[in-house]
Amino acid sequence: MSINSYVSKKVCIITTDGRTLVGTLAAHDNTTNLVLQNTVERIIRTPDDSEPSTELPLGLYLIRGENVCTIGLVDEALDDSINWAEVKGAVIGTTKH
């Protein structure tokens, strides 16, 4: 599936430094630079952390292609049904090039 088919759809990006960004893909280029609208960063806390997980609103956001590890479509109905403040999980490590 081409990244062109993701334009105007809600996507989840995992960056090379382990961040999770969710937003609507507005544009991209041939080096995988991405422009997201209505972007939020999901900060998932570990199970032993008493703080709730959070979603940090970022708005219009540019991600350089060299920082993109993976991109995938979001099942919006499933995504909307999840209370992200209650989600806990292990830290996603960084990637090496």
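**Exercise 1. Find the residue in strand 4 that stands opposite Thr-39.**

Solution. Start at Thr-39 in this predicted model and look across to strand 4: the residue standing opposite is Gly-59. Next, look at the two strands as a pair. Strand 3 covers residues 34–43 and runs antiparallel to strand 4, and eight bridges join them.

**Exercise 2. Work out the strand order of the open sheet, and name its edge strands.**

Solution. Step one is to count: the open sheet has five strands. Step two is to read across them, which gives the order 4-3-2-1-5, with antiparallel pairing. Step three is to look at the two ends of that order. Strand 4 (54–63) and strand 5 (68–73) are the edge strands, each pairing on one side only.

**Exercise 3. Asn-38 and Thr-32 both call for a look at phi. Where does each residue lie, and is each buried, partly exposed or exposed?**

Solution. Take Asn-38 first. Asn-38 lies in strand 3, and its phi is near 50 degrees, a positive value in a residue other than glycine. Its relative accessibility is 63%, and the cut-off for exposed is over 50%, so Asn-38 counts as exposed.

Now turn to Thr-32. This residue sits in the loop between strand 2 (20–28) and strand 3. Phi is positive here too, near 65 degrees, and Thr-32 is likewise not a glycine. With a relative accessibility of 32%, Thr-32 falls between the 20% and 50% limits and therefore counts as partly exposed.

**Exercise 4. Describe the largest pocket: its volume, its lining and the kinds of residue found there.**

Solution. Begin with the volume, which is about 280 Å³. Then go through the lining: Gly-18, Arg-19, Thr-20, Glu-41, Arg-42, Ile-43, Ile-44, Trp-84, Ala-90, Val-91 and Ile-92. Sorting these residues gives six nonpolar, two polar and three charged. Finally, ask which element gives the largest share of the lining. That is strand 3, with three residues.

**Exercise 5. Find the span that UniProt lists for "domain: Sm", and describe the chain over it.**

Solution. First, consult the record: an unreviewed UniProt entry lists residues 1–77 for "domain: Sm". Second, check the make-up of the chain over residues 1–77, which is 53% strand and 3% helix.

Technical notes
Residues numbered from 1 in each chain as written. Predicted model: local features only at pLDDT ≥ 70, side-chain atom pairs only at ≥ 80, totals over all residues. Heavy atoms only, no water. Pairing = 2+ DSSP bridges. Helix = DSSP H or I, 4+ residues; strand = E, 2+ residues; numbered from the N terminus. UniProt positions renumbered as here; feature names shortened; annotations may be inferred. 1 Å grid on protein atoms, 1.4 Å probe; cavity = no way out; pocket = protein on both sides within 12 Å on 5 of 7 lines; lining within 4 Å. Points joined across faces, edges and corners; volume = space filled by probe spheres on them. Nonpolar A, V, L, I, M, F, W, Y, C, P; charged D, E, K, R; others polar. Buried < 20%, exposed > 50% of the residue type's maximum accessible area, 1.4 Å probe, protein only.
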